[in-house]
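Here is a short briefing on one chain and its model. The points are grouped by topic for quick reading.

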Amino acid sequence: MNRLRNELVVYAGRLRVDPWARDIGPAWLLIRDGRFAEIAPGRTRPGEWPDTCASLDLGRAVVLPGLVDSHVHLTESGDGAGEDVSAARTVSERVELGVRNARTALRAGITTVADCGGPPEAVFEVRARASALPDCARTLVAAAPITTVRGHSWRLGGEAPDAASVRELVTRFALAGADFIKVMASGGGTPGAPPWEPSFPEESLRVAVETAASLGRPLKVHCLSAGSMRTAVAAGVTLIEHGKFRTAAEDGGGFDAAVAYLLAKTGTVICPTLSVGHHVLAAPPEVSGDAAALWRRRHPYDLEDFRHLVESGVRMVSGTDAGWRFTPFDALPGELRMMAGAGMANREALAAATIDAAAALGMGDRIGRIAPGYQADFIAADADPVDDLTALDRLHAVARDGQVVR
Ligand SMILES: [Zn+2]
């Protein structure tokens, strides 16, 4: 292999190795075979580094780790198309869509995305294509979300009538190569499975927890009601998607301080997906239709409940639910601003999109920070996002695995 092609030297005007780093000054990065090999603080390029390899001058930028969107649906369009429209797409149409979406994410500085559910044959193919294309985000997939019969998102192929079927599906998806497992513990947007209704009993969720753990796969569990979160935590779930408090009466307003306390006490991590409501409300009224009325009620509850969860000490990772309803694949910077606007420090929001997200996905030793041995995923912003999160909208460079795409 030609070593020259696999080395890159980057000069960072200011290097932020992770959101908690205090001193950020100039530094040189040596990238080899897609990983950070060496980091040299200061303005002087180490003399012993190869002088024949490519170099990138980011002397006017702050270089920091690439972002992780912990919750997307690559094979959905994010244009408000309903489940019927989506279900009518062929596998190859979904794969094309998925690759396009992974490309959009990477250009926005999102170097890794976690696909939280799609038809297995489509999402596995998207992951294979994205990993071979340097201009796509690294893609992790869950295969189909495991759900009750005719439960939320049942059309994606993950229906499980009982605990034995849950075990069988977790095993099948993991052995087929799923990076993590997704289970629906409440209803959601699928007609007939409203968000305030629980789906699986505690026993089935416990089987999912144990089977996923025995196969070494993180488990992400969708919960839109207080009751579903209580059941999930009792079953041993540690990663909750959405974490909403919907009720049949008001479709929101069900915040439960005892559940928040339980989440904080157990160290359960929530991926709050605040972008969904934001983007429904930002869509033109003629296309958002009935959804706009629904989310005008829901979104303020979601922001307020998020604030209460943060105040209660609940841990967060950031994810957008891109692809679902009107959420685009470059929404993560906006998600971080909403998290910060509703109670988190900028630094904490940035950690939720880097080191904390990586750890939740079981990849804390490979992505989410700039350190020797880590995958060379980085972005360069025109200011430090710890001071100003809008800097994430002004990127000078993005690289995944050491391949610079913009
Ligand atoms: Zn989702």
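**Briefing: helix packing, metal site and buried residues**

Helix α2 (residues 91–107) packs on helix α3 (residues 120–132) at an angle of about 40 degrees, and their axes are 9 Å apart. α2 is therefore oblique to α3. The model is predicted: local features need pLDDT of at least 70, side-chain atom pairs count only at pLDDT 80 or more, and totals for chains, interfaces and linings use all residues. Residues are numbered from 1 along each chain as its sequence is written, and side-chain values use heavy atoms, with hydrogens and water left out.

**Terms for the helices**

- Helices (H or I, at least four residues) and strands (E, at least two) are DSSP runs, numbered from the N terminus.
- Axes are lines fitted to C-alpha atoms, for helices over the stretch in contact, and angles run from 0 to 180 degrees between N-to-C directions.
- Angles under 35 degrees count as roughly parallel, over 145 as roughly antiparallel, 65 to 115 as roughly perpendicular, and the rest as oblique.

**Helix pair α2 and α3**

- On the α2 side, the contact (heavy atoms within 4.5 Å) is made by Val91, Arg94, Val95, Glu96, Gly98, Val99 and Ala102.
- On the α3 side, Glu121, Ala122, Glu125, Val126, Arg129 and Ala130 take part.
- The residues of this contact of α2 with α3 divide into seven nonpolar, one polar and five charged.
- Ala, Val, Leu, Ile, Met, Phe, Trp, Tyr, Cys and Pro count as nonpolar, Asp, Glu, Lys and Arg as charged, and the others, Gly among them, as polar.

**Helix pair α5 and α6**

- Helix α5 (residues 202–214) and helix α6 (residues 226–234) pack at about 50 degrees, with axes 8 Å apart.
- α5 and α6 are therefore oblique to each other.
- The crossing of α5 past α6 is right-handed.
- α5 contributes Glu202, Leu205 and Arg206 to the contact, and α6 contributes Thr231, Ala232 and Ala234.
- Three residues of the contact of α5 with α6 are nonpolar, one is polar and two are charged.

**Zinc site**

- His71 (NE2), His73 (NE2) and Asp321 (OD) coordinate the zinc ion at 2.1 to 2.3 Å.
- Along the chain, the donors follow the spacing H-x1-H-x247-D.
- His71 sits in strand β5 (residues 67–72), while Asp321 sits in the loop between β12 (315–316) and α10 (332–341), so the pair links distant parts of the chain, 250 residues apart.
- Donors are N, O and S atoms within 2.8 Å of the metal (3.2 Å for Na, K and Ca); water is not among the atoms, so sites may look incomplete.
- Both His71 and Asp321 are buried (under 20% relative accessible area; exposed is over 50%, partly exposed in between, with a 1.4 Å probe and protein chains only).

- Met229 lies in helix α6 and is buried, with a relative accessible area of 0%.
- Leaving aside neighbours within four places in sequence, Met229 is in contact with Cys223, Ile240, Gly243, Lys244, Phe245, Val259, Leu263 and Ile270.
- Ala114 is in strand β6 and counts as buried, at 0% relative accessibility.
- With neighbours within four places in sequence set aside, Ala114 is in contact with Asp69, Ser70, His71, Val72, Leu140, Phe180 and Leu361.

**Helices α8 and α10**

- The buried residues of helix α8 (residues 275–282) are Ser275, Val276, Gly277, His279 and Val280.
- Their cover includes α9 (285–311) and α10.
- α10 is mostly covered, with seven of its ten residues buried.
- These are Leu332, Pro333, Glu335, Leu336, Met338, Met339 and Ala340.
- The buried residues of α10 pack against β5, β6 (110–115), α8, α9, β12 and α11 (346–352).

**Positive phi values**

- Thr273, in the loop between β11 (269–271) and α8, has a positive phi near 40 degrees.
- Thr273 is buried, at 4% relative accessible area.
- Arg325, in the loop between β12 and α10, has a positive phi near 50 degrees.
- Arg325 counts as partly exposed, at 21% relative accessibility.
- Gly343 follows α10, and its phi is positive, near 120 degrees.

How values were computed: A crossing is left-handed if the near helix is turned anticlockwise from the far one by less than a right angle, and right-handed if clockwise.
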